Amino acid sequence: MSERVSSGRATGGSDEVTREAVPRARAAIAEHQRTVPDFPKPGILFRDLTPVLADTEGFSSIVTALTHGCSGVDLVAGIDARGFLVGGAVAQELEVGILAVRKGGKLPPPVYGVDYDLEYGTARLEIPASGIDITGRRVLIVDDVLATGGTAVAASKLMGLAGASVVGVAVIMELADLGGRAKIAAELGPEVGLHAITDDR
């Protein structure tokens with residue numbers, strides 16, 4: 001199982017509470033997750049966490065567990081689309097704001113945008129380039145699954161374009177064999193902590 005590299009919690013309850021939520025979240029994931037073969041393309045094993053998030057205890061424990069180890073965060077960035085659901089709840093628990101990182105073409109101009117490679121194709125992430133000033137903000141990236149790490153790295157680069165710095169990446173599940181953890185370490189540096197509640201091993 002994976003643990004965050006960074007330390008401390010931003011605001012709110014004790015880190016003991018968040019640490020105790022981790023095994024409860026792992027149990028909920030093991031019970032409720034759905035594995036779908038050959039989706040969205042042949043050869044891809046899709047991990048569907050929708051049933052986990054629909055479970056009251058599962059959602060609650062996951063949100064609390066994702067805040068374990070957060071330190072000095074003053075903005076959460078949730079990645080389209082399940083990162084919106086989880087990221088908003090994490091931001092509320094940490095008592096900070098939430099920034100929606102959208103898929104390309106969903107926002108009116110002007111935007112900051114980053115193109116990147118997925119496990120099964122290419123994609124683009126965007127955030128507004130006006131109306132929101134995140135210069136100097138310390139950002140926690142939140143998503144549901146870490147696969148190759150391309151999405152998390154692209155979101156982090158997007159924060160950099162807007163003048164913010166990413167201090168951590170938090171995900172529900174890490175697909176350990178796809179190398180996402182190594183990609184984040186290589187491209188974002190060891191100072192950016194990675195926290196995965198569970199992995200697929």
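This report describes the fold, surface, charges and aromatic contacts of a predicted protein model.

## Overall fold

Six helices and nine strands make up the secondary structure of the protein. The C-alpha trace spans about 45 × 45 × 30 Å along the principal axes.

The radius of gyration is 16 Å, which agrees with the value near 17 Å that a compact globule of 201 residues would have. Of the contacts between residues at least 6 apart in sequence, 70% join residues at least 24 apart.

## Burial and surface

Of the 201 residues in the protein, 48% are buried.

## Charges

The protein carries 19 positive and 26 negative charges. The mean position of the positive charges and that of the negative charges lie 3 Å apart.

## Aromatic contacts

One aromatic pair turns up in a search of the whole structure. The pair is formed by F39 and F46, with ring centres 5.2 Å apart. The planes of the two rings stand at 85 degrees to each other, and the pair is edge-to-face, because an angle over 60 degrees counts as such.

F39 has a relative accessibility of 44%. This residue therefore counts as partly exposed, since the value falls between the 20% limit for buried and the 50% limit for exposed residues.

Conventions:
Residues are numbered from 1 along each chain as its sequence is written. This is a predicted model: local features need pLDDT of at least 70, side-chain atom pairs count only at pLDDT 80 or more; totals for chains, interfaces and linings use all residues. Side-chain values use heavy atoms; hydrogens and water are left out. Helices (H or I, at least four residues) and strands (E, at least two) are DSSP runs, numbered from the N terminus. The radius of gyration is taken over C-alpha atoms; the globule rule is 2.2 Å times the number of residues to the power 0.38. Buried means under 20% relative accessible area, exposed over 50%, partly exposed in between (1.4 Å probe, protein chains only). Contact means heavy atoms within 4.5 Å. Lys and Arg count as positive and Asp and Glu as negative; His and the chain ends are not counted. The place of a charge is taken as NZ of Lys, CZ of Arg, CG of Asp or CD of Glu. Rings of Phe, Tyr and Trp (its six-membered ring) pair if their centres lie within 6.5 Å; planes under 30 degrees apart count as stacked, over 60 as edge-to-face and the rest as tilted.
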